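Let's take a walk through this fold together. Have the sequence and the model open side by side as you read.

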Amino acid sequence: MTSSAETLLARAKAQGALIATAESCTGGLVAGAITEVAGSSEIFDRGFVTYSNAAKMAMLGVRQSTLDAHGAVSEAVAREMAAGALAASEATLAVSVTGIAGPGGSDHKPEGRVCFGVAQAGHAVRTWQMDFGALGRGAVRQASVDYALDLLLAALKD
């Protein structure tokens with residue numbers, strides 16, 4: 001069975017796409033899933049692991065005002081993370097992930113809430129919010145990786 005990452009490699013290679021990732025709650029797992037596939041150096045440029053707000057601002061240009069207004073787990077921050085990854089790399093396509101893997105959360109931002117962004121050269125940045133639920137830290141992180149890979153695949157269908 002072909003994995004999503006293998007399909008992504010084939011599709012990105014065929015389209016001449018170069019990918020970057022900007023990750024918070026997944027801590028580099030999306031980049032790890034992509035680079036697990038032999039030949040990924042042809043389509044993967046770099047990954048940013050920006051766990052802290054300071055890293056999001058310094059490495060990706062996320063604005064303090066956005067963090068203050070929306071919090072790190074928001075579509076607004078996911079949008080700026082994806083745009084920042086695209087701008088700070090050689091990539092033509094970038095995905096961002098920011099969320100609450102758990103344990104914990106709040107009524108306003110529950111455990112399992114994850115926001116994603118996709119930035120692609122020549123397109124507006126798109127965002128999504130998923131509520132995976134309180135599945136446990138590992139399961140939320142894996143669901144986030146799978147969703148991020150699916151978003152990259154969908155972006156390459158356009």
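This is a predicted model: local features need pLDDT of at least 70, side-chain atom pairs count only at pLDDT 80 or more; totals for chains, interfaces and linings use all residues.

Residues are numbered from 1 along each chain as its sequence is written, and side-chain values use heavy atoms, with hydrogens and water left out.

Start with the largest nonpolar core, which has 31 residues. A nonpolar core here is a set of buried Ala, Val, Leu, Ile, Met, Phe, Trp, Tyr and Cys residues joined through side-chain atoms within 4.5 Å; buried means under 20% relative accessible area, exposed over 50%, and partly exposed in between, with a 1.4 Å probe and protein chains only. L8, I19, V30, I34 and F116 touch the most other members. Two or more residues each come from helix 1 (4-15), helix 2 (29-35), strand 3 (93-99), strand 4 (113-120) and helix 6 (137-157), and helix 6 gives the most, with 10 residues. These elements are DSSP runs numbered from the N terminus, helices being H or I with at least four residues and strands E with at least two.

Leaving aside neighbours within four places in sequence, I19 is in contact (heavy atoms within 4.5 Å) with L8, A12, I34, I43, F44, D45, R46, A91, L93 and L152. Apart from this core lies another of 14 residues, among them F48, V62, L67 and M81.

Now turn to helix 1 and helix 6. Residues of helix 1, including L8, R11 and A12, meet residues of helix 6, including L149, L152 and L153. The residues of this contact divide into 7 nonpolar, 3 polar and 3 charged; Ala, Val, Leu, Ile, Met, Phe, Trp, Tyr, Cys and Pro count as nonpolar, Asp, Glu, Lys and Arg as charged, and the others, Gly among them, as polar.

Finally, compare two loop residues. Is T50 buried or exposed? T50 sits in the loop between strand 2 (44-49) and helix 3 (53-60), and T50 is buried, with a relative accessible area of 0%. Beyond four places in sequence, T50 is in contact with E23, S24, A55, K56, M59, L60 and M81. G27, in the loop between strand 1 (19-23) and helix 2, is partly exposed at 38% relative accessible area. Beyond four places in sequence, G27 is in contact with V49 and R141.
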